[in-house]
Amino acid sequence: MVDIKNVFKLYNQKKVVDDVSLSIEKGTITSFIGPNGAGKSTLISMISRLIAKDNGEITIDGQDIMKTKNNELAKKISILKQSNSINLKLTVRELVGFGRFPYSQGKLTKEDQEKVDEAIDYMELGEIQNKYLDELSGGQRQRAHIAMVLAQDTEYILLDEPLNNLDMRHSVQIMKTLRRLVDELGKTILIVIHDINFASCYSDHIVALKDGKIIKHGRTCDVIDQCVLKDIYDMDIDIQNIDDKRICVYF
Amino acid sequence: MKIRYLALTLIILSGMSVFIGVSNVTPLDLFQLTEDQAQILLVSRLPRLVSILIAGMSMSICGLIMQQLSRNKFVSPTTAGTLDSARLGILVSLMIFTAASPIQKMLVSFVFALIGTLVFMKILEKIKFKDAVFIPLVGLMFGNIISSISTFFAYRNDLIQNMSSWMQGDFSMIMSGNYELLYVSIPILAMAFFYANKFTIAGMGEDFSKNLGLNYRQVVNLGLIIVALVTASVVLTVGVIPFLGLIIPNIVTIYRGDHLKKSLIHTALLGAIFVLFCDVIGRVIIYPYEIPISLTVGVIGSGIFIYLLVRRKKYGL
């Protein structure tokens, strides 16, 4: 469980994250939605200790993240940011192998190799595992990064806009994989996502943020609601039920 | 390129290097060395070979580490003010401690090289306009500013001649007794191998490193300390060898990728081969006289550098 209590973050006196408290259940996908500048990425970066919070407490399974050793935390929680697009000339397999760093400090053991193989298979990267990242398409590169996070084998996976720059087919593919990770492997996934229909179709819970505050946190069906969405985005969004899925029509 | 071809080339060139020179020593003489010949081998030729090998390897590896840590393919001791700062350090040690031992000189020079490189890295963080070619230009300007400070003080203290001996890399003055400081680099380079994985991760950025539980700052600082120490020892014994740290790692990256574990040995070998090659050419071209190594490396190196720049446009290195 991830517990966030009264967390603040200020940039130049402006509260980017303003007194946020929430707890996230294990074995679920939680989507963070909201307009630009709502503090979604900042919040998720604080949970993964990439940036320091100014106040409040964040615990993962009861452990305060600031008091946990870096290396221990790296085995528990992983984050993939959109800025992680690296420009090093590495092969897919090498990149995925770095996911094992918290365990092996770089010297891959047999067990590490197996985990790397598993992650590569899971993301269907077998055929291109020896290709360099700069030879791949955006979707393949994104999958390679997710495979690295898989190899890191953490219970909690945080993704900051994983669908950025992906076409529909690859977006669906990634979201289905995330769903499988939760359903089959029992991972807990937190994603920042802009497309509310993807959030609606694939997540268990949604956290809606605006101006650094939580507007609504609840089950997907409770948040994907005309009144709630009006509060978040200041626009009228019609909601249609198609095949048991709530689809927002906002065009 | 296979590693054994590199090793073979290195051995052949090493052989050539040992047997080229004004005093005649041929491979056949090895079995019946005269007193003089033995002296030449032990006092001049072998120290020269060893210093070339160490300097070539270490400057190339320094470049590789710097490129990884700054995440820019065109950063190297030459283009980040490291070499110039090291030279300023030597000058300061000459001015303040007139009777400084080589080790003391090296330490002062190391401190200056480290500070210079840190300042450059800070500038790098502050720059918004991160064009790959813009950064080394800033570094060159920064280096030239430091260099002009050195020249100013050297001029005021009648040390211009001393300074210029560190300006130009030159192996012709290497003799047993005055190059041993270079051995300092060997254990430091061994550390570079030990930290290869960590440098590679640091090269993927701070967030990436934190995610994997790596102490980013610590690794970057360690890398810069390695670079500064090695640069100081090379500048003090051999002098400045330009371009080396720039072109060798870039060539190796093209065919080995950026995983330091895979590219370090290649970088070391290719660096040594390149310097040996340039040294042999410098010794043969106006035989029995010599051209200083910085000149041959400068000419060949700048040519390769231009090629890399053009190639980068084509392939987006």
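Which residues of α2(B) and α10(B) meet? The views below take up this and related contacts in a predicted model, in which local features need pLDDT of at least 70 and side-chain atom pairs count only at pLDDT 80 or more, whereas totals for chains, interfaces and linings use all residues. Residues are numbered from 1 along each chain as its sequence is written, while chains are lettered from A and ligands numbered from 1 in the order in which they are written.

**View 1. Helix α2 against helix α10 in chain B.** On the α2(B) side the contact is formed by S51(B), A55(B), S58(B), M59(B), C62(B), I65(B), M66(B) and L69(B), which meet V220(B), G223(B), I226(B), V227(B), V230(B), T231(B), V234(B) and T237(B) of α10(B) (two residues are in contact if their C-beta atoms, placed from the backbone, lie within 7 Å). By class, this contact of α2(B) with α10(B) holds 11 nonpolar, 5 polar and no charged residues (Ala, Val, Leu, Ile, Met, Phe, Trp, Tyr, Cys and Pro count as nonpolar, Asp, Glu, Lys and Arg as charged, and the others, Gly among them, as polar). Helix α2 spans residues 35-70 and helix α10 residues 216-237 of chain B, and their axes come within 9 Å and cross at roughly 150 degrees; helices (H or I, at least four residues) and strands (E, at least two) are DSSP runs, numbered from the N terminus, and axes are lines fitted to C-alpha atoms, for helices over the stretch in contact, with angles running from 0 to 180 degrees between N-to-C directions. The crossing angle therefore makes α2(B) roughly antiparallel to α10(B) (angles under 35 degrees count as roughly parallel, over 145 as roughly antiparallel, 65 to 115 as roughly perpendicular and the rest as oblique). The crossing of these two helices, α2(B) and α10(B), is left-handed (the near helix is turned anticlockwise from the far one by less than a right angle, and clockwise if right-handed).

**View 2. Helix α4 against helix α10 in chain B.** Helix α4 (residues 102-126) of chain B packs with α10(B) at an angle of about 135 degrees, with the axes 8 Å apart, so that α4(B) is oblique to α10(B). The crossing of α4(B) and α10(B) is right-handed. Among the α4(B) residues that take part are P102(B), K105(B), F110(B) and L118(B), and the α10(B) residues they belong with in this contact include L224(B), A228(B), S233(B) and L236(B). The residues of this contact divide into 14 nonpolar, 4 polar and 1 charged.

**View 3. Helix α3 against helix α10 in chain B.** The axes of helix α3 (residues 82-96) of chain B and α10(B) come within 9 Å and cross at roughly 60 degrees, which means that α3(B) is oblique to α10(B). Helix α3(B) passes α10(B) in a right-handed crossing, and the contact is made by T82(B), L83(B), A86(B), R87(B), G89(B) and I90(B) of α3(B) together with V227(B), A228(B), T231(B), A232(B), V235(B) and L236(B) of α10(B). This contact of α3(B) with α10(B) has 8 nonpolar, 3 polar and 1 charged residues.

**View 4. Chain B where it touches chain A.** In this interface, 17 residues of chain B are in contact with 23 residues of chain A. The elements that give two or more residues to the chain B side are α8 (196-202) and α9 (206-211) of chain B, and α9(B) gives the most, with 4 residues. The residues of this side of chain B divide into 5 nonpolar, 9 polar and 3 charged.

**View 5. The two domains of chain A.** Chain A is divided into domain 1 (2-76 + 155-249) and domain 2 (83-153), with bounds that come from an automatic or database domain assignment. The centres of the two domains of chain A, taken over C-alpha atoms, are separated by 25 Å, and 11 residues of domain 1 are in contact with 8 residues of domain 2.
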